[in-house]
Protein chains: 2
Amino acid sequence: MMKAVLIVLDGLGDRRCRALNGLTPLQAASPSFFDRLAAEGETGIVDVVSPGVPNGSDTGHLALLGYDPHKYYTGRGPFEALGAGLHLDKKDVALRCNFGTVDSGSVLVDRRAGRISSEEAGKLAESVGAMEVEGVKVLFKHTVEHRGVLLLRGDGLSHRVSNVDPHSTGTVVAMPKPLDGSREARFTAEVLTRYLTEARRILETHPVNLRRVEQGLPPANFILTRGAGVKPDLPSFESKYGMRGSVVAGGALYKGVCKAAGLDVALVEGATGTVNTNLDGKAAAVLEHLKRHDFVLLHIKATDTLSHDKKPAEKVMMIKKVSDVLKKMLEELPDGIHLAVTGDHTTPSELGEHRGDPVPLLVWGPQVRGDMVNSFNEVSCSRGGLGRIRGVDVMPILANYAGALELFGE
Amino acid sequence: MMKAVLIVLDGLGDRRCRALNGLTPLQAASPSFFDRLAAEGETGIVDVVSPGVPNGSDTGHLALLGYDPHKYYTGRGPFEALGAGLHLDKKDVALRCNFGTVDSGSVLVDRRAGRISSEEAGKLAESVGAMEVEGVKVLFKHTVEHRGVLLLRGDGLSHRVSNVDPHSTGTVVAMPKPLDGSREARFTAEVLTRYLTEARRILETHPVNLRRVEQGLPPANFILTRGAGVKPDLPSFESKYGMRGSVVAGGALYKGVCKAAGLDVALVEGATGTVNTNLDGKAAAVLEHLKRHDFVLLHIKATDTLSHDKKPAEKVMMIKKVSDVLKKMLEELPDGIHLAVTGDHTTPSELGEHRGDPVPLLVWGPQVRGDMVNSFNEVSCSRGGLGRIRGVDVMPILANYAGALELFGE
């Protein structure tokens, strides 16, 4: 069997940008290494979920690993929890959280509590980290900056509760509501509401927040929950593709999705999921993990962050930077390796939001047939030999080239 | 209604071959007749099962006839049995068999008993051709050379039993095991084990084998079973496409799949499924059967055999030969005919094994729209007007051009 690497540049897909003379960031970057791989390999475009449907990074990564998100996805929470190093039992409900700021009328003032530091948020988290509400254990684990994860453990719970985070300021924060008529959803909404009310009471008078108010900073006085879900019961990556694998990523979400699929999580110093992430360290981790395993998923977040921040020119520079680092990485990779490069969704960098346009894909390696496309971007790849495929098809195509798949029939 | 012919070149899809200066066998062959059909018609690439998934000839032909193998396939055995002319009842379990050679320690020495002749194998088969084990009738039918089919007829049987054929020599042959926890699977494994043990006892002392041992030839002293299955309950080809049809093929498997779909089987002298098959005779049979029916599937095995034997240059010659014979055939075909040419899977001829790469497809005839592709190969067809489709879509497309399909809705 040959080895394979799937490289996901988050939010890679884009649209024509006025600031780039009507080119997409990929077209403007014209990244020499990716263009070379496209010329030597095979290209196509990918509807990560299905044509036109905008998807998140969670559903996007599920699909790229070959798991139909319509079948397996319940919410982002469990992936965040797994990625944050929490153990999840089958019945646990997990939620993604932000520390936010509300005023005395419960109107949301800041979704990130003034982008509070990890240090301050960590202290606040301790004060609300473990409670028991109506027999349910509620655990809050802080991750980075304003972010955290909430875990509900007990009987009679459901993930079918609404988001508290309204995703925009100026509206009154609404406590969780049941999303179906079940007794479990009602009970879970009740438990959550009681926890969030009690947490608010504690946070309002916490010394860290009193000091922040004194300093004119928004206090982190509310836990905004979203993405309630239970751990999806995924058939293992190894059972699907006959390869053991690892993930190299900064963000908890990506680690969490891959962990749910049974991949090992690489520990990389300085892999932060930000623009200043340790790209060289991540490339080194890919090489290291390929010694042990047949497959590595390498995730790079910065392309998406710059798209959300509406910085197409900076996205161009980041794409070039990634292309250069991966060029060096390829020189160290074992012979016979197959690579795929793609995105998990399109984030047009003049809109700053996810959209459902397909993302470009290239597959490269000694067994790849090749096509007539010589550059790697949204437009050129639409004429590639791979055609227009779905996200769930990417891994089977890569695993086939690696010779890892079993015959169906004889 | 117009008539239609589906031409399947087994294992047609391939990859770049070093021995062909980096071309695929189809590219190197540049078969003038197929290239002409591609230029006048429409092309595409086909994921016979789904992207990346390597498939066998059995699942491949089911898919090309429009039957989802995930829904209908149970094993290769029943198709081999039908193709060998056996009648199958609904509850019968059928298995594909080889005469093989094991040593006194039951280690497999030769999977084909020294490619024993049909004559000798036929005599041996008679001695183990019919037994009754625990109320189950066990019938062994010899087909050609070392090959045969085993049929179990009785109550309480299941096809969920493991293969005896280990597909490689040097390992101890393991008797069939149940593949699920059912009483039927356990019972079937037991019946099979008793039959195979008794058959071995008879074969060891059979005069044919005693003579072979004397001559230093491997005795055919063991029946290697695989591909246990029950007859799939297929909706008839005629009910799906409004056309009656025939199959022209050498190998039993292909005849069997088509028979299960309700196609007539043409009898062609010298259609052996080998490199020296009677291609002209098969072309004549297509013409003959098109007088009676609206559809013929023409199967040619040699392209796959040469791929498994890792002979890309010979595959090139065979593709040219088929192209030339079919050119002559077309001159005799009735006006208004529609043709499709494709493969049932990819067998890279430098690997010698099936892979999951898509296969090229061309569709030709007076009603076909056309596209901008002028040659018939894996790379050119990826830019064709048919795009990237699934195996189950091929027949509906062909039947549509033939005007055979009923309106869905009004």
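A rotation of 122° with a shift of 0.5 Å along its axis superposes chain B on chain A, with an RMSD of 0.2 Å. This is the relation of a three-fold axis. The two copies use different surfaces, for 3% of the contact residues of chain B recur in chain A. Copies are superposed by least squares on the C-alpha atoms of residues with pLDDT of at least 70 in both. The model is a predicted one, in which local features need pLDDT of at least 70 and side-chain atom pairs count only at pLDDT 80 or more, while totals for chains, interfaces and linings use all residues. Residues are numbered from 1 along each chain as its sequence is written, chains are lettered from A and ligands numbered from 1 in the order in which they are written, and side-chain values use heavy atoms, with hydrogens and water left out.

## The interface of chain B and chain A

The size of an interface is often given as the accessible area lost when the parts come together. Chain B and chain A bury about 2,400 Å² between them, and 50% of this area is on carbon and sulfur atoms. Here buried area is the accessible area (1.4 Å probe) that two parts lose on being put together, summed over both. In chain B, the residues that lose the most area to chain A are B:Arg16, B:Arg383 and B:Arg388, together 26% of what that side buries.

In terms of contact (heavy atoms within 4.5 Å), 35 residues of chain B meet 24 residues of chain A. Across this interface, 17 residue pairs are in polar contact, both residues being at pLDDT 80 or more. A polar contact is a pair of N or O atoms within 3.5 Å; within protein, one must be able to donate a hydrogen and the other to accept it, and residues adjacent in sequence count only if both atoms are side-chain atoms.

Four elements of chain B each supply at least two residues of the side that touches chain A: helix 3 (57-64), helix 4 (69-72), strand 8 (222-229) and strand 14 (387-390). Helices (H or I, at least four residues) and strands (E, at least two) are DSSP runs, numbered from the N terminus. Helix 3 of chain B gives the largest share of that side, 3 residues. By class, the side of chain B that touches chain A has 10 nonpolar, 13 polar and 12 charged residues. Ala, Val, Leu, Ile, Met, Phe, Trp, Tyr, Cys and Pro count as nonpolar, Asp, Glu, Lys and Arg as charged, and the others, Gly among them, as polar.

## Salt bridges

A salt bridge is a side-chain nitrogen of Lys or Arg within 4 Å of a carboxyl oxygen of Asp or Glu. The whole structure holds 52 salt bridges over all chains, and the count between chain B and chain A is 1. Some of the pairs are listed here.

| Side chains | N to O distance |
|---|---|
| B:Arg226 and A:Glu410 | 2.5 Å |
| A:Asp10 and A:Lys301 | 3.9 Å |
| A:Asp89 and A:Arg153 | 3.7 Å |
| B:Arg147 and B:Glu145 | 3.2 Å |

A network of salt bridges links A:Glu410, B:Arg111, B:Asp165 and B:Arg226.

In chain A, the salt bridge of A:Asp10 and A:Lys301 has an N to O distance of 3.9 Å. A:Asp10 lies in the loop between strand 1 (4-9) and helix 1 (25-29) and A:Lys301 in the loop between strand 11 (295-300) and helix 12 (302-308), so the pair ties together parts that are 291 residues apart in sequence. Both A:Asp10 and A:Lys301 are buried; buried means under 20% relative accessible area, exposed over 50%, and partly exposed in between (1.4 Å probe, protein chains only).

A:Asp89 is partly exposed, at a relative accessible area of 34%, and A:Arg153 is partly exposed at 27%. In chain B, B:Arg147 counts as partly exposed at 25% relative accessibility, and B:Glu145 is partly exposed at 33%.

## Buried parts of the two chains

B:Asp10 is placed in the loop between strand 1 (4-9) and helix 1 (25-29) of chain B. This residue is buried, with a relative accessible area of 0%. Leaving aside neighbours within four places in sequence, B:Asp10 is in contact with residues including B:Ser57, B:Tyr254, B:Lys301 and B:His345.

B:Val102 belongs to strand 3 (residues 93-102) of chain B and is buried, with a relative accessible area of 4%. The C-alpha atoms of B:Val102 and B:Val8 are separated by 36 Å.

In chain A, 10 of the 11 residues of helix 14 (residues 391-401) are buried, so this helix is largely enclosed by the rest of the structure. Among the buried residues of helix 14 are A:Met395, A:Ile397 and A:Leu398. A:Gly403, whose phi is positive, near 75°, follows the helix.
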